[in-house]
Amino acid sequence: MKKIEAIIRKTRFEDVKTALLSSDIDWFEYHDVHGIGQSRQERIYRGVQYSTDVIERVALTIVCRDIFLESTIKVILKVAHTGEIGDGRIFVSDVIDTYSIRTGENGDTVLRDKK
């Protein structure tokens, strides 16, 4: 099993969510995050000066079977891409085990499989 953590633009979240739910992903977690990027400059919007060093993004956490890893990453890369600096990052790590709190079952069978 793999854990995918993706940091994406807030403006792309709804499209990514729809694409993931249309693919083989049944469940994922998301939350708003703030980060500090490499671009540090002041901008003026409607007469108000603001800093661009703090970036608002959405973090997605997905745990999936190994067979769904590549397709899940491709969905995120395709839909979250704008071509601009700050599109985000994807991190992949191994998951040793998973447990269902309700049933006590463990292993990758805890993850639903549409196929």
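Phe13 is buried, with a relative accessible area of 7%. Here buried means under 20%, exposed over 50% and partly exposed in between, using a 1.4 Å probe and protein chains only. This is a predicted model, where local features need pLDDT of at least 70 and side-chain atom pairs 80 or more, while totals for chains, interfaces and linings use all residues. Residues count from 1 along each chain as its sequence is written, and side-chain values use heavy atoms, leaving out hydrogens and water.

Search the whole structure and you get two aromatic pairs. A pair means Phe, Tyr or Trp rings (for Trp, the six-membered one) with centres within 6.5 Å; planes under 30 degrees apart are stacked, over 60 edge-to-face, and the rest tilted. Phe13 and Tyr30 have ring centres 4.5 Å apart and planes at 40°, so this pair is tilted. It ties together distant parts of the chain, 17 residues apart: Phe13 sits in helix H1 (residues 13-22) and Tyr30 in strand E2 (residues 29-36).

Tyr30 is partly exposed, at 46% relative accessible area. Tyr30 also makes a tilted pair with Phe28, at 6.4 Å centre to centre and 50° between the planes. Phe28 is buried, at 12%. Put together, Phe13, Phe28 and Tyr30 make one aromatic cluster.

## The sheet

The chain has two helices and six strands, in the order β-α-β-β-β-β-α-β from the N terminus. These are DSSP runs numbered from the N terminus: helices are H or I with at least four residues, strands are E with at least two.

Four of the strands make an open antiparallel sheet, ordered E2-E5-E1-E6. Strands count as paired if DSSP finds at least two bridges between them. E2 and strand E6 (88-94) are the edges, each with a single partner strand, so one side of each has no neighbour in the sheet. On average, neighbouring strands are turned by 25° against each other, direction ignored.

E2 and strand E5 (residues 54-64) run antiparallel and are joined by eight bridges. His34, for instance, stands opposite Glu56 in E5.

## Where the helices lie

H1 lies across strand E1 (2-9), E2 and E5, at about 5° to E5. Helix H2 (residues 69-80) lies across E1, E5 and E6, at about 0° to E1. Axes are lines fitted to C-alpha atoms, for helices over the stretch in contact (heavy atoms within 4.5 Å), and angles run from 0 to 180 degrees between N-to-C directions.

## The chain overall

Of the chain's 115 residues, 30% count as buried. Among contacts between residues at least 6 apart in sequence, 71% join residues at least 24 apart.
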